[in-house]
Amino acid sequence: MPEKPYDHQQIELKWQERWNNSTLFQAEENSTKPKFYVLEMLPYPSGVLHIGHIRNYTIGDALARYKRMRGFNVLHPMGWDAFGLPAENAAIANKRDPYEWTMFNIENMKRQHRRMGFSYDWTREVTTCDPAYYRWNQWFFLKMLERGLAYRKKSLVNWCSECGTVLANEQVVDGCCWRHEGTPVEQRAIEQWFLRITEYAEELLTAIKDLEDGWPERVLIMQRNWIGRSEGAEIDFRLEDNSAPIRVFTTRVDTIYGATCIILAPEHPLVAELASGELKAQVKRMIDSRAAKGPGDLEKEGLATHKHAINPYSGEHIPIWIGNFVLMGYGTGAIMAVPAHDQRDFEFCDQYHIAIRPVIRPVDGDLADAATMKEAFPDDGVVELSGPYSGLPSEEARRVMTAKAEADGFGKGAVTYRIKDWGISRQRYWGTPIPVIYCPKCGIIPVPEKDLPVVLPLSVPITGKGRSPLENVPDFINVKCPKCGEPARRESDTMDTFIDSSWYFYRYCDPHNSTAPFDSKKIAYWFPIDQYIGGVEHAILHLIYSRFWTKVMRDLGLVSNSEPVAHMFTQGMVIKDGAKMSKSKGNVVSADEMIERFGADTGRLFELFAAPPEKEMDWTDAGANGSHAFLGRVYRFVTRNVGQGQAEPSEADRKALRKLHQTLKLITDDFESRWHFNTSVAALMGLMNVLTDLERQLSGTVLADVMEKLTLMLEPFAPYLAEELWEEQGKPGPVFHHPWPAYDPELARDEEAEIVIQVNGKVRGRINVAFGTAREALEKHAMADTKIRSLLDGKQVVKVIVVPDKLVNIVVK
Ligand SMILES: [Zn+2]
Ligand SMILES: [Zn+2]
């Protein structure tokens, strides 16, 4: 047959239409096959898919297609993280309703996902701004409220003036808003709703060890650090006037005799009592200037209160200071400063000429001299100048001193965590309404379950300024109290959108359930997720929240798994011509533009070929052209060779089959373990080179066999082309209904082994011999080599080491 030119548009559009009108990618509900749940993180519907986004989906789709061919019942769904600020901001900027804007974007992105050939089961699509979905956010909230896992409190919160709303601690990066780099986060006192994630802090931490086999180490390190468990003691320092004591948390109670002052956060409640007049004004300036800067470039600043607190161990009276670097959100908002043994305290006390007093010496050294100390000595050692505790090793001292505090009632052993309860109230419109009502008579009343969902009203005027937009919707705000029937007000804040993504992947298992978030039996079948794929930027936000949510659902009796994700993969970023892609640089390539020029198959293949999937990948047009040219070569090879070939078997058959099975082994190994899809694609290219060289000599049988298996191997990487070539070969599709070809080790075996010959460990030559050549024969071959013979001339052979199929080392003197 004459070869055909590779027209990617014609081929891809033809198959896309067939795929769109089929149920091919639907996961089976009642299957005897083993299950495999592969999932990419659901996108935010920003409107346009670009080449940076598609890498994540391409990896997941290659795996989904491969697993189907390996006989798994594959669940591969997709949905939309549809609530959130960008929709609201776009609505303000473009004067479009957030709902319409979001739905329009979803349609467009869905079209692009389909056009890329991603094999999603669209019957399970989840859109988080759909009341049928978010009613279950509200339902979970009510369940948590019942169990004391949701609570309301006035507290200092992170406030971004750009967003006009509160941020969770996880959304503060280097003191600035995660969405507004350079906008410092302010502390404001606001009433808001919290979820008690700290209740699960210990389990979230200890369960990390169960994830070590399946999760990237750096994600687990980030989670451990974020949870930040520290063991220590809480100690009360009485004030001279006998008012309520100052409680400090310390991990180093063994250094307490070296404490030379107490430092309070400027927001500490005691500051308001201690500070008056000029000091009060200075404190206010301190709070304001910190809000304006962010902790990143904060210079330490202190204010003396001229009051004193009493060290409960030594009875010493030490001064109380106020320090801008002490945060109310961490520990107790008060610290004891031990400048000799903590570098931050050292710098502060040095700056303000506060005494520095060493009380820990190195195990094999002397106590430092305060007058000549240049920096703190932060290590454990032996306690000195500490009354009855002098001479004890640090660890022993901590134990004994904590016991003393407990016995005398001025303190206790304590564990603190860096992670804080999750503040979920947002003073914005485009999110899930929080289902509570405030009644002047009855207080906080949960919306009764039967009244869910509390539907977010549409067509609400949004300005982005001031209070929550829902405050301006009387029909929404004014309600009757469900308890007493008197006029009451609805909560006008909406939920943090990270709630939407905390459990969405459960909903895919039962997306149309209208009486429960899901059927637990379906979850028991599909969970945990076998492979989750997404960006490392979600290591502490989404990936901690969703672990927390799973544990809560388990304790509510809804699921039996404690962790949502068995294997996590974080893909590398896509850059363009060596630079980060950004709107401002104008170097963002949309998926549409890429498909038009190169085709979806080329985009998929190139993204997998250009780098291992966990590494950064540089998109260049030259590289994309190379991948496109390769697919064209494959297409022309198959179209011109269908029904061709010699009648008789030939020597070339053996070579072609060997290369075929070697390629098959490598790609199978890549899927099963290493995920180095770049080497898989390279191997396919190597196979094509061999086949093109041999094509005129191959027998018809082998040619047909090789083309069939080549097409099957192409399926995960370039599914449109695979389907087209399958049809060209007259085979019934779809390709992924056919099993992944088994690799034959006998056929894959190289016939010849290259043997390295060394003399005294130095490589001196190489020879090719038949595989499995015996030791004696190998030694003989090596000795007979002319170059080796001349090297051995006049030397005495002491020993010959032979490693069959690999190496002969001749030791001479
Ligand atoms: Zn912001
Ligand atoms: Zn009431």
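Donors are N, O and S atoms within 2.8 Å of the metal (3.2 Å for Na, K and Ca); water is not among the atoms, so sites may look incomplete. In this predicted model, the zinc ion (ligand 1) is coordinated by Cys160 (SG), Cys163 (SG), Cys177 (SG) and His180 (ND1), at 2.0 to 2.4 Å. Being a predicted model, it needs pLDDT of at least 70 for local features and 80 or more for side-chain atom pairs, while totals for chains, interfaces and linings use all residues. Residues are numbered from 1 along each chain as its sequence is written, and side-chain values use heavy atoms, without hydrogens and water.

**Zinc site**
- The site of the zinc ion (ligand 1) is tetrahedral, with angles of 105 to 113° among its four donor atoms. Four donors count as tetrahedral if all angles lie between 85 and 135 degrees.
- Ideal angles for four tetrahedral donors are 109.5 degrees.
- Along the chain, the donors of the zinc ion (ligand 1) are spaced C-x2-C-x13-C-x2-H.
- Cys160 lies in strand β5 (residues 150-160) and Cys177 in strand β8 (residues 176-177), so the pair ties together parts 17 residues apart in sequence. Strands are DSSP runs (E, at least two residues), numbered from the N terminus.
- Cys160 is buried, at 0% relative accessibility. Buried means under 20% relative accessible area (1.4 Å probe, protein chains only).
- Cys177 is also buried, at 3%.

**Strand pairing**
- Strands β21 (residues 436-439) and β22 (residues 443-446) run antiparallel, joined by four bridges. Two strands pair if DSSP finds at least two bridges between them.
- A hairpin of three residues joins β21 to β22.
- Val436 has Pro446 in β22 as its bridge partner.
- β21 also runs antiparallel to β24 (residues 487-490), through two bridges.
- Ile437 stands opposite Arg490 in β24.

Definitions and conventions. Chains lettered and ligands numbered in written order. Tetrahedral: all angles 85-135°; square planar, octahedral: opposite > 155°, others 65-115°. Buried < 20%, exposed > 50% of the residue type's maximum accessible area, 1.4 Å probe, protein only.
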